[in-house]
Amino acid sequence: MKKTLIGKIVSMKMTKTVVVTVERKFRHPVYHKVIVRHKKYKAHNEKLDLKLGDVVQIEETKPISKDKHFKVIEKL
């Protein structure tokens, strides 16, 4: 099963690659406070129709390069 994530584009400086930040929220096991964590993923974007700040859905694929293991599925 392929992992799909939803995040926001934060960088488009590379050719056919976008950097997507994915936010996840979880409750601390002891203090019960909601904690927000961010992680950045490099995703392959064949069509160059996206812009900074767009919310996109990315899907896990076979490795495209050293750091790129996701591709952009759709703009939300």
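The largest pocket of this predicted model is lined by His44, Asn45, Glu46, Lys47, Asp49, Leu50, Lys71, Val72, Ile73, Glu74 and Lys75. Five strands close into a barrel, and the largest nonpolar core has twelve residues. As the model is predicted, local features need pLDDT of at least 70 and side-chain atom pairs count only at pLDDT 80 or more, while totals for chains, interfaces and linings use all residues. Residues are numbered from 1 along each chain as its sequence is written, and side-chain values use heavy atoms, with hydrogens and water left out.

**Pocket**

- The volume of the largest pocket is about 150 Å³.
- A pocket here is an open set of points on a 1 Å grid over the protein atoms alone, where a 1.4 Å probe fits, with protein on both sides within 12 Å along at least five of seven lines; lining residues have an atom within 4 Å of a point.
- Strand S5 (residues 68-75) gives the most to the lining, with five residues.
- Sorted by class, the lining holds six charged, three nonpolar and two polar residues; Asp, Glu, Lys and Arg count as charged, Ala, Val, Leu, Ile, Met, Phe, Trp, Tyr, Cys and Pro as nonpolar, and the others, Gly among them, as polar.

**Barrel**

- The strands (DSSP runs of E, at least two residues, numbered from the N terminus) follow the order S1-S2-S3-S5-S4 around the barrel, with mixed pairing.
- Two strands pair if DSSP finds at least two bridges between them.
- Strand S4 (residues 55-60) and S5 run antiparallel and are joined by five bridges.
- Ile58 has Val72 in S5 as its bridge partner.

**Nonpolar core**

- The members of the largest core are Leu5, Ile9, Val18, Val20, Val22, Tyr41, Ala43, Leu50, Val56, Ile58, Phe70 and Val72.
- S1, S2, S3, S4 and S5 each supply at least two residues of this core, and the largest share, three residues, comes from S2.
- Such a core is a set of buried Ala, Val, Leu, Ile, Met, Phe, Trp, Tyr and Cys residues joined through side-chain atoms within 4.5 Å.
- Buried means under 20% relative accessible area, exposed over 50%, and partly exposed in between (1.4 Å probe, protein chains only).

- Most residues other than glycine have a negative phi.
- Lys16, not a glycine, has a positive phi of about 60°.
- Lys16 lies in the loop between strands S1 (4-14) and S2 (17-27) and is partly exposed, at 35% relative accessible area.
- His32, also not a glycine, has a positive phi of about 60°.
- His32 lies in the loop between S2 and strand S3 (34-44) and counts as exposed, at 51% relative accessibility.

Technical notes:
Points joined across faces, edges and corners; volume = space filled by probe spheres on them. Helix = DSSP H or I, 4+ residues; strand = E, 2+ residues; numbered from the N terminus.
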